[in-house]
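Visitor: I would like to learn how to read the features of a model of this kind. Please take them in turn.

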Amino acid sequence: MSLLERVMASQAEVDEAQFQPSMRPLRDQLKRDLVERLGLKAIAGVVGSESAERSRSELAVTLEALLNEHDYPLVANEGRSRLIDEVLDEVVGLGPIQPLLDDPSVTEVMVNGTSSLFFEREGRLLEAERVFESAEQILLVVDRILAPLGRRLDESSPIVNARLANGDRVNAVIAPIAIDGPVVTIRKFSGRIHRLESLVAMGTLPAWYARLLSQAVTCRQDIAVAGGTGSGKTTLLNALSAEISHAERIVTIEDSAELAFDEHPHVVRLEARDASVEGRGQVTIRDLVTNALRMRPDRIIVGEVRGAECVDMLQAMNTGHDGSMTTLHAGTEEEAILRLVLMARFGMDLPAQILEEQIATALDLIVMSKRLASGERRVTSASAVSRAADGSVALSPIVTYDEERDRWELVCEPPFARGEALEPGAASRASWSATIRGEAA
């Protein structure tokens, strides 16, 4: 295309943009006409019906009729459809974030007051075209989200964490905590990745590494998955949990229930609960871990340890519940050990050396998960945890990951792969380990 053609095309786009009327006044006028035509009571009845799709389709017909009957400025077909969608999002849905929540490729939505609206897709942060026009509009959307859950958000309780029926996690913060307007973060629950095979297909880890981790679960290794926010820790924990034998009873403990067990027949799911407005009824992760010990679990899976419950989790691993798993925030295996010591001290004021001994005898394996700069996620290194001669924690690398080359290396034979047969009729651990080494090479 020549320079003249590019200038002419650019001018045509400007002329078209000037010709198209502003959406906001049109949207407001169309909403007013909709209320006038149907009445608030009728609209509330349609919106309150069980099917959101049916509500949208019924109201869309009325909006089409209003655009045809009234003296609206000329709007192109594409703009007309967008105008109707935006009105429906505000009347029936959740305003500007509704299209993002409906988009399966979006994994997280972040509302930063009225100034900006971002979303995450394929690990990358992108800015949305539409934003909320007022703090009141954001609060109305938050109220729609929380009302069915029996939760509230006001000045006396300016922070709320909730889980939607579809598994999405919502965090909302308002004034006086949030200075620049209401902040809402919604982490969508994909529910698509339930097995290690899915992670292999996505390139998150190689097939031999997946087999190694699967064998660690089969051999009842106590595993901690560590990594940063959004690195895929819960996804990996879910995939590892799917490797547990159907003959075992699993008790899962989470702040917001995300783990999915579509095939396992014997799973008990527990979820923590915040205190009510009156300050009563709180059930912490630590309460649930303590209670889980009385529920005859074969394995206990804690979605994430972040406080005093750490010491109870370690004790569970040390008292016959081998094969238990959890996640925690940490950048390296060494940081994971330091964090575990710190969190354990919240629950029991003991010298660090004693707590390190507890960790060394409780944990068998630390697996790291990382989100790369490109947005892709990788299951990176894995280290065996053991007790050193002085009682401290010793870490022995099993798998390393070279981010620059995007390549994994099997450093040594994992402790759980040594010895006799894996199970009756199976190949020996020695031959299994040799096979893994061959694939890794």
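The dialogue below goes from confidence to helix packing, salt bridges and aromatic pairs.

Guide: This is a predicted model, in which local features need pLDDT of at least 70 and side-chain atom pairs count only at pLDDT 80 or more, while totals for chains, interfaces and linings use all residues. Residues are numbered from 1 along each chain as its sequence is written, and side-chain values use heavy atoms, with hydrogens and water left out.

Visitor: What is the mean pLDDT of the protein chain?

Guide: pLDDT is the predictor's confidence in each residue, from 0 to 100. The mean for the protein chain is 81, and 80% of its residues reach 70 or more. Over residues 10–21 the pLDDT is below 50, and this stretch has eight contacts beyond near neighbours in sequence; a contact means heavy atoms within 4.5 Å. Residues 419–426 also have pLDDT below 50, with twelve such contacts in the model. Where pLDDT is low, the predicted coordinates should not be read in detail.

Visitor: How many helices and strands does the protein chain have?

Guide: Both are DSSP runs numbered from the N terminus: helices are H or I with at least four residues, strands are E with at least two. The protein chain has 15 helices and 15 strands.

Visitor: Which residues of helix 11 are buried?

Guide: Buried means under 20% relative accessible area, exposed over 50%, and partly exposed in between, with a 1.4 Å probe and protein chains only. Of the 441 residues of the protein chain, 46% count as buried. In helix 11 (residues 285–292) the buried ones are Ile285, Leu288, Val289 and Ala292. They lie on the same side of helix 11, because they cover an arc of only 100° around the axis; the arc is taken from the directions from the helix axis to the C-beta atoms. Their packing partners are strand 8 (250–254), strand 9 (267–271), strand 10 (299–302) and helix 12 (309–318).

Visitor: Where in the chain are Asp312 and Arg286?

Guide: They form a salt bridge, with the closest N and O atoms 2.5 Å apart. Asp312 is in helix 12 and Arg286 in helix 11, 26 residues apart, so the pair links distant parts of the chain. A salt bridge is a side-chain nitrogen of Lys or Arg within 4 Å of a carboxyl oxygen of Asp or Glu. Asp312 counts as buried at 11% relative accessibility, whereas Arg286 is partly exposed at 27%.

Visitor: How many salt bridges does the structure hold?

Guide: The structure holds 18. One of them joins Glu120 and Arg377, with 3.5 Å between the closest N and O atoms. Glu120 sits in strand 2 (residues 116–121) and Arg377 in strand 13 (residues 377–387), 257 residues apart. Glu120 is buried, with a relative accessible area of 6%; Arg377 is partly exposed, with 26%. Glu120 and Arg377 are also linked with Arg371 in a network of salt bridges.

Visitor: How many aromatic pairs are there?

Guide: A pair of aromatic rings is described by the distance of the centres and the angle of the planes. Rings of Phe, Tyr and Trp (its six-membered ring) pair if their centres lie within 6.5 Å; planes under 30 degrees apart count as stacked, over 60 as edge-to-face and the rest as tilted. The count comes to two aromatic pairs. Trp208 and Tyr209 are stacked, at 5.8 Å centre to centre and 25° between the planes, and both residues are buried. Tyr401 and Trp408 have ring centres 4.9 Å apart and planes at 45°, so the pair is tilted. Tyr401 is buried at 15% relative accessibility, and Trp408 is buried at 10%.
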